[in-house]
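With the model loaded in your viewer, please follow the stops below in order, selecting the named residues at each one and showing their side chains.

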Amino acid sequence: MSATITARAVALLTTGLLAFATALLGASPASADDLGATSEDTVAEIEAAAWPEYGTGDTDVDVLVAKLLITEQGFDPGAEDADFDGEFRAAVLNYQNANDLADTGALDAETWLLLREQTFGEYGPGDSGNVVRAVQHALNAKFQAHIGVDGAYGPVTEAAVREAQEFFGIGADGIVGPLTFRALVTYQDYDR
């Protein structure tokens, strides 16, 4: 294994462990991703799940989710759809370059981790915008939630988040934080 690949693997592992430790140490039982009501095994299982990787030519709801998060970070991903096209690849490259990530142009684990770190906090009732729309799209595609994608985090979105959290074994507080977000994106065993 080359030194570059080894260094990248170590950096990726360190980033993941730091995000995990931050989530565990920084969250109170009443905060997003109710860790007080979530078993350590569940947290470890979700944090160990592989981020899906996407590149040019791929089509998936996760691509649409990433487009909305990259928009939230100030980058223009092009069309708001589930297609990983050349315009979105350029936005991913710009995002990676601006954040000192390896410029792969792909939605890889490092890119997902940083998007999660920069975006979540927590989103819950009363919130609105691109991140809420991303959550609504993921819930509709992966849990057939039938939520109107309006970017408003209301009672229907909250109920769908609670159902997804119960499915994943996360303390169901109805608020999307880093753990719930990772569970939503890494969950790939759904009807497409």
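Begin by selecting arginine 116 and glutamate 47, which in this predicted model form a salt bridge whose closest N and O atoms are 3.1 Å apart. Arginine 116 belongs to helix 5 (residues 109-119) and glutamate 47 to helix 2 (residues 40-48), and the pair, 69 residues apart, links distant parts of the chain. Both arginine 116 and glutamate 47 are buried.

Next, select glutamate 80 and arginine 133, whose side chains meet in a salt bridge with an N to O distance of 2.1 Å. Because glutamate 80 sits in the loop between helix 3 (61-72) and helix 4 (86-98), while arginine 133 sits in helix 6 (residues 130-143), this pair ties together parts of the chain that are 53 residues apart in sequence. Are the two partners buried or exposed? Glutamate 80 has a relative accessibility of 46% and therefore counts as partly exposed, whereas arginine 133, at 18%, counts as buried.

Arginine 162 is partly exposed, its relative accessible area being 31%.

Now turn to the aromatic rings, where a search of the whole structure finds 14 pairs. Select tryptophan 51 and phenylalanine 181: their ring centres are 6.2 Å apart and their planes lie at 45°, so this pair is tilted. Since tryptophan 51 lies in the loop between helix 2 and helix 3, and phenylalanine 181 in helix 8 (residues 178-186), the pair ties together parts that are 130 residues apart in sequence. Tryptophan 51 and phenylalanine 181 are both buried. For another geometry, select phenylalanine 75 and tyrosine 95, whose ring centres are 5.5 Å apart and whose planes stand at 90°, so that the pair is edge-to-face. Phenylalanine 75 is in the loop between helix 3 and helix 4, and tyrosine 95 is in helix 4, so this pair ties together parts 20 residues apart in sequence. Tyrosine 95, at 0% relative accessibility, counts as buried. Then widen the view to Trp51, Trp112, Phe120, Tyr123 and Phe181, which form one aromatic cluster.

Trp112 leads back to helix 5, where it is among the buried residues, together with Glu110, Leu113 and Arg116. Because nine of the eleven residues of helix 5 are buried, this helix is largely enclosed by the rest of the structure.

For the last stop, select the largest nonpolar core, which has 48 residues; those with the most contacts inside it are Ile70, Phe88, Leu107, Trp112, Leu139, Phe168 and Phe181. Two or more residues of this core come from each of helix 2, helix 3, helix 4, helix 5, helix 6, helix 7 and helix 8, and helix 3 provides the largest share, eight residues. Which residues surround leucine 107, leaving aside its neighbours within four places in sequence? Leucine 107 is in contact with Pro52, Glu53, Tyr54, Val63, Ala66, Phe84, Phe88 and Trp112.

Key. Residues are numbered from 1 along each chain as its sequence is written. This is a predicted model: local features need pLDDT of at least 70, side-chain atom pairs count only at pLDDT 80 or more; totals for chains, interfaces and linings use all residues. Side-chain values use heavy atoms; hydrogens and water are left out. A salt bridge is a side-chain nitrogen of Lys or Arg within 4 Å of a carboxyl oxygen of Asp or Glu. Helices (H or I, at least four residues) and strands (E, at least two) are DSSP runs, numbered from the N terminus. Buried means under 20% relative accessible area, exposed over 50%, partly exposed in between (1.4 Å probe, protein chains only). Rings of Phe, Tyr and Trp (its six-membered ring) pair if their centres lie within 6.5 Å; planes under 30 degrees apart count as stacked, over 60 as edge-to-face and the rest as tilted. A nonpolar core is a set of buried Ala, Val, Leu, Ile, Met, Phe, Trp, Tyr and Cys residues joined through side-chain atoms within 4.5 Å. Contact means heavy atoms within 4.5 Å.
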